[in-house]
Amino acid sequence: YTRGTVTAFSPFDARADAEALRKAMKGMGTDEETILKILTSRNNAQRQEIASAFKTLFGRDLVDDLKSELTGKLETLMVSLMRPAYLFDAHALKHAIKGAGTNEKVLTEILASRTPAEVQNIKQVYLQEYEANLEDKITGETSGHFQRLLVVLLQANRDPDGRVDDGLVEQDAQVLFRAGELKWGTDEEKFITILGTRSVSHLRKVFDKYMTISGFQIEETIDRETSGDLEKLLLAVVKCVRSVPAYFAETLYRSMKGAGTDDDTLIRVMVSRSEVDLLDIRQEFRKNFAKSLHQMIQKDTSGDYRKALLLLCGGDDE
């Protein structure tokens with residue numbers, strides 16, 4: 001069961017696709033259109049089969065060829081589509097914490113939105129692929145309460161959804177209220193523990209109760225009482241508890257609104273959610289931003305890059 005816009009293509013012929021791609025890149029000039037049409041309409045597992053057929057038939061590496069034939073944002077998008085699905089998040093995190101400066105935005109987006117099972121998987125893949133411990137890498141590059149909440153999320157020990165205990169809901173809401181609104185300075189640790197470990201259905205009730213007690217949405221309190229990377233991470237966790245598709249709709253909206261486009265975020269979200277919940281994300285986008293995701297991509301991007309993104313988007317929600 002998937003709410004993605006990209007599904008397995010049928011009838012699928014990996015060799016025929018490999019041949020078409022080779023033809024598109026051979027000789028003078030590149031036929032970008034063929035490349036983007038094939039790669040956006042096959043799912044990730046099929047793209048891996050195409051890469052394998054490509055190597056078998058021509059003794060060439062498909063990703064290397066794409067890198068040498070394409071440039072700029074289209075290249076980034078196509079290479080991202082070719083990355084094996086199981087590697088995608090680990091690779092994004094590796095690049096977010098390498099070298100000068102850490103990309104906190106990527107750490108926040110991935111660790112706030114992935115399920116505990118997905119986080120466990122990311123840690124395993126990271127260790128296998130990069131022979132390094134993800135938690136050590138992240139603690140080495142971050143600090144303070146931001147670091148602590150990341151570490152809590154990395155434990156992937158959020159309570160599973162089950163029967164919600166109303167007494168505990170009331171208690172958590174009171175604790176958050178006292179830690180945030182009532183206290184001079186915020187007791188961030190309480191926010192970190194509760195938001196990082198309670199089940200999703202429990203937290204949704206806590207947020208409702210918090211509103212009843214305080215007269216504020218929990219987002220407003222976080223906004224007022226915290227700042228910087230910690231604030232962004234706390235807000236991302238709250239939004240993902242409320243609705244992961246709504247969180248990604250907002251992430252996509254922000255990547256395009258105003259001057260300049262944050263293409264890295266746009267590409268990362270479109271690719272990573274294309275087989276998961278992009279249909280739901282589109283729905284939330286339409287509901288919350290008075291225009292469709294399709295319309296915004298259309299307005300904000302251009303050329304073959306735009307064509308490829310629109311194909312991934314998969315349709316316009318008038």
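**Close-up 1. Domains along the chain.** Domain bounds here come from an automatic or database domain assignment. In this predicted model, the protein chain is split into domain 1 (14-85), domain 2 (90-155), domain 3 (166-242) and domain 4 (244-313). Take domain 1 and domain 2: their C-alpha centres lie 29 Å apart.

**Close-up 2. Phe-177 meets Tyr-210.** A pair of aromatic rings is described by the distance of the centres and the angle of the planes. The count of aromatic pairs comes to seven. For Phe-177 and Tyr-210, the ring centres are 6.4 Å apart and the planes sit at 80°, so this pair is edge-to-face, as angles over 60 degrees are. It ties together distant parts of the chain: Phe-177 belongs to helix α11 (residues 166-179) and Tyr-210 to helix α13 (residues 200-214), 33 residues apart. Both Phe-177 and Tyr-210 are buried.

**Close-up 3. A cluster of rings.** Look here for Tyr-253, Phe-285 and Phe-289, which ring pairs link into a cluster.

**Close-up 4. Charges over rings.** Arg-42 has its charged end over the ring of Phe-9, 3.7 Å from the ring's centre. Over the ring of Tyr-130 you'll find the charged end of Lys-94, 5.1 Å from the centre of that ring.

**Close-up 5. Helices α7 and α15.** Two packed helices are described by the angle between their axes and the distance between the axes. Helix α7 (residues 104-113) and helix α15 (residues 228-242) have axes that come within 9 Å and cross at roughly 25°. Angles under 35 degrees count as roughly parallel, so that's what α7 and α15 are to each other. The crossing of α7 past α15 is right-handed.

Definitions and conventions. Residues are numbered from 1 along each chain as its sequence is written. This is a predicted model: local features need pLDDT of at least 70, side-chain atom pairs count only at pLDDT 80 or more; totals for chains, interfaces and linings use all residues. Side-chain values use heavy atoms; hydrogens and water are left out. Rings of Phe, Tyr and Trp (its six-membered ring) pair if their centres lie within 6.5 Å; planes under 30 degrees apart count as stacked, over 60 as edge-to-face and the rest as tilted. Helices (H or I, at least four residues) and strands (E, at least two) are DSSP runs, numbered from the N terminus. Buried means under 20% relative accessible area, exposed over 50%, partly exposed in between (1.4 Å probe, protein chains only). A charge sits over a ring if NZ of Lys or CZ of Arg is within 6 Å of the ring centre and within 35 degrees of the ring normal. Axes are lines fitted to C-alpha atoms, for helices over the stretch in contact, and angles run from 0 to 180 degrees between N-to-C directions. Angles under 35 degrees count as roughly parallel, over 145 as roughly antiparallel, 65 to 115 as roughly perpendicular and the rest as oblique. A crossing is left-handed if the near helix is turned anticlockwise from the far one by less than a right angle, and right-handed if clockwise.
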